[in-house]
Amino acid sequence: MTSNIENIKNVVVVGAGLMGSGIAGMAAVAGFQVTIVDLDKKLLEKSKEQIAITLERVGRKKFKQNETKINEFIQNSLRNISDSTDLLEVVKNADIVIEAIVENLEAKQKMFQSIDKIAKPSAIFASNTSALPIREISKNSTRLDRFCGLHFFNPVAVMKLLEVIRIPETSETTYKTVMDFGAKMGKTCVTCKDTPGFIVNRLLLPYMSESVRMLERGDASKEDIDMAMKLGAGMPMGPFELSDLVGIDTMKNARDFYHRMAPENELFFPSPLINKMVQEGKLGLKTGEGFYNYK
Ligand code: NAI
């Protein structure tokens, strides 16, 4: 079985939020024709602004001070992107659909079901979910052999990793095609079965949860825990610095999700400290204060 990557030209990204905008921007840089879809025009406008900012950053890094080259790069990439609120129309042309809508199983199932009969028979469906089982998301689909997870990381323009998730039905051709697709987007692809948290979050969540528990028990200060993990375990960032970057609300959501999945596991019991921080709006870097103060 060989890859079908040469047939992948039109990419539809559903959901123009943080992740959808990142994925769409980088797919456009890679030369794909991208259509980004969201519920209303305002959200698409915001996404377009975000994509332009990202492209400028990527362009500056790539071409240093060469303003002509930077502008050319931005314009060429932007030319590859269009947007729409009419998913059912644009999906007819899609070779691959990447879903990055709200993290809600029913919403994702419904979205994929709505396009199942409309998309070309050859089109591949992929979900960018962080935590939901891909097989559940694909439940109502008639194209299980062309279904998979493509888990990008935030910010998409910076993070090199792409987790490719295979459900038991994912065909070898689909798998090879999405691996090539990831590589074309400049990502290093790793493969994982459809297991909770895939690779990165499965390992990261227990680690992050235990660091908060250490702090709550008073075992060590956040500064010392961060320092210890940087100098003793070679981590580029300590767990509290990383929490502030990811967002305390996102950390809480992930932890709550794991708690619901494994209610007996103490690691994921609700954290009074995290709950209080979320209540007080101390969500990390994005609000100016989290475990550390950035104001
Ligand atoms: P977000 O909230 O920034 O964006 C979601 C977008 O989807 C919104 O603009 C919303 O209007 C749109 N949307 C909702 N329902 C829709 C529908 N039926 N049709 C079209 N658009 C719809 O969310 P974010 O952070 O971008 O996450 C999206 C997905 O990516 C989630 O499944 C999340 O778990 C996953 N993810 C998030 C990461 C992160 O760091 N935020 C990292 C990796 C994956």
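## Close-up views of a predicted model

**View 1. Burial and overall fold.** Buried residues account for 37% of the 295 residues in the protein. The model is predicted. The protein holds twelve helices and eight strands. Among contacts with a separation of 6 or more, 64% join residues 24 or more positions apart.

**View 2. Overall dimensions of the protein.** Along the principal axes, the C-alpha atoms fill a box of roughly 55 × 50 × 35 Å. The radius of gyration is 20 Å. A compact globule of 295 residues would have a value near 19 Å, so the protein agrees with that expectation.

**View 3. The shell around the ligand.** Which residues come nearest to the ligand? They are G15, G17, M19, S130 and N154, out of 23 residues around the ligand. By type, the shell divides into 14 nonpolar, seven polar and two charged residues.

View 4. Two helices, α1 (18-29) and α5 (105-116), each supply at least two residues of the shell around the ligand. The largest share comes from α1, with three residues.

**View 5. The annotated segment, residues 197-294.** An unreviewed UniProt entry annotates residues 197-294 as "domain: 3-hydroxyacyl-CoA dehydrogenase C-terminal".

How values were computed: Residues numbered from 1 in each chain as written. Predicted model: local features only at pLDDT ≥ 70, side-chain atom pairs only at ≥ 80, totals over all residues. Near = placed C-beta within 6 Å. Helix = DSSP H or I, 4+ residues; strand = E, 2+ residues; numbered from the N terminus. Nonpolar A, V, L, I, M, F, W, Y, C, P; charged D, E, K, R; others polar. Rg over C-alpha atoms; globule rule 2.2 N^0.38 Å. Buried ≥ 20, exposed ≤ 12 C-beta atoms within 10 Å, placed from the backbone. Contact = placed C-beta atoms within 7 Å. UniProt positions renumbered as here; feature names shortened; annotations may be inferred.
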